[in-house]
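Take a moment with the chain before reading on. Follow it from one end to the other, then come back to the text.

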Amino acid sequence: QVQLVESGGGLVQAGESLRLSCAASGRTNSIYNVAWFRQAPGKEREFVAVHNLSGNITNYAASVKGRFTISGDNAKTTVYLQMNSLKPEDTAVYYCAARRAGNPKYEVWGQGTQVTVSS
């Protein structure tokens with residue numbers, strides 16, 4: 001089993017930065033991808049960014065590309081989301097999720113961390 005715990009959320013002003021962390025524990029060697037999603041009030045959950053732990057490959061939603069950076073530590077147990085130039089529309093609960101190789105669905109989710117950006 002894998003467990004994920006997010007941290008680093010908070011309240012910032014537009015233009016400021018935050019770094020979110022997603023700490024994995026348990027059978028972390030089974031993790032293939034770790035992704036960040038977010039859900040704003042009254043909206044569907046949306047994909048933000050993904051990090052492939054094996055090949056160090058990343059991908060981003062168009063709305064955050066150039067502002068957000070996803071990365072992992074050498075131990076492959078923590079994935080970060082560096083968020084720069086934050087906008088009020090980035091306000092949401094941010095979740096990290098993990099999936100194993102060959103599984104198209106994200107099987108494990110963290111509890112979420114609130115990010116609020118004031119204008």
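**A walk through the strands**

In β5, W36 has A49 as its bridge partner. The model is predicted: local features need pLDDT of at least 70, side-chain atom pairs count only at pLDDT 80 or more, and totals for chains, interfaces and linings use all residues. Residues are numbered from 1 along each chain as its sequence is written, and side-chain values use heavy atoms, with hydrogens and water left out.

Start with the terms. Strands (E, at least two residues) and helices (H or I, at least four residues) are DSSP runs, numbered from the N terminus. Two strands pair if DSSP finds at least two bridges between them.

Now the whole chain. It has eleven strands and zero helices. Read along the sequence, the pattern is β-β-β-β-β-β-β-β-β-β-β. The radius of gyration is 14 Å, close to the 14 Å that the globule rule gives for 119 residues, so the chain is as compact as a globular protein of that length. This radius is taken over C-alpha atoms, and the globule rule is 2.2 Å times the number of residues to the power 0.38. Along its principal axes, the C-alpha trace spans about 40 × 25 × 20 Å. Of the 119 residues, 43% count as buried. Buried means under 20% relative accessible area, exposed means over 50%, and partly exposed is in between (1.4 Å probe, protein chains only).

Return to β5. Strand β4 (residues 33-39) is joined to β5 by six bridges, and the two run antiparallel. They form a hairpin with six residues between the strands. In that turn, G42 has a positive phi of about 75°. R45 also lies in the loop between β4 and β5. Is R45 buried or partly exposed? R45 is partly exposed, with a relative accessible area of 45%. The C-alpha atoms of R45 and I31 are separated by 22 Å, and the two residues are 14 apart along the chain.

Strand β5 (residues 46-52) is mostly covered, as five of its seven residues are buried. On to β6 (residues 57-60), which four bridges join to β5. These strands run antiparallel too. N52 has I57 in β6 as its bridge partner. The hairpin of β5 and β6 has four residues between the strands, and N56 takes a positive phi near 55° there.

Next comes an open sheet. What is its strand order? Its four strands run β1-β3-β8-β7, with antiparallel pairing. β1 (2-7) and β7 (68-72) stand at the edges with a single partner strand each, so one side of each is left without a neighbour in the sheet. From one strand to the next, the twist averages 15°. Axes here are lines fitted to C-alpha atoms (for helices over the stretch in contact), and angles run from 0 to 180 degrees between N-to-C directions. In a regular strand the side chains alternate between the two faces of the sheet.

Five bridges join β7 to β8 (residues 78-83), and the strands run antiparallel. S71 stands opposite Y80 in β8. The two strands form a hairpin with five residues between them, where K76 in the turn has a positive phi of about 60°. Past β8, S85 is found in the loop between β8 and β9 (92-99). S85 is partly exposed, with a relative accessible area of 41%.

Last, the empty spaces. Rolling a probe the size of a water molecule over the atoms shows where empty space is left. On a 1 Å grid over the protein atoms alone, a cavity is a set of points where a 1.4 Å probe fits but cannot get out; a pocket is an open set with protein on both sides within 12 Å along at least five of seven lines; lining residues have an atom within 4 Å of a point. Grid points are joined across faces, edges and corners, and a volume is the space filled by probe spheres set on the points.

How many cavities of 30 Å³ or more does a search of the whole structure find? The search finds one. The largest cavity has a volume of about 30 Å³. Its lining includes L4, C22, I31 and K76. β3 (18-26) and β8 are the elements that give two or more residues to this lining. The largest pocket has a volume of about 160 Å³. Among its lining residues are Q1, R27, I31 and E107.
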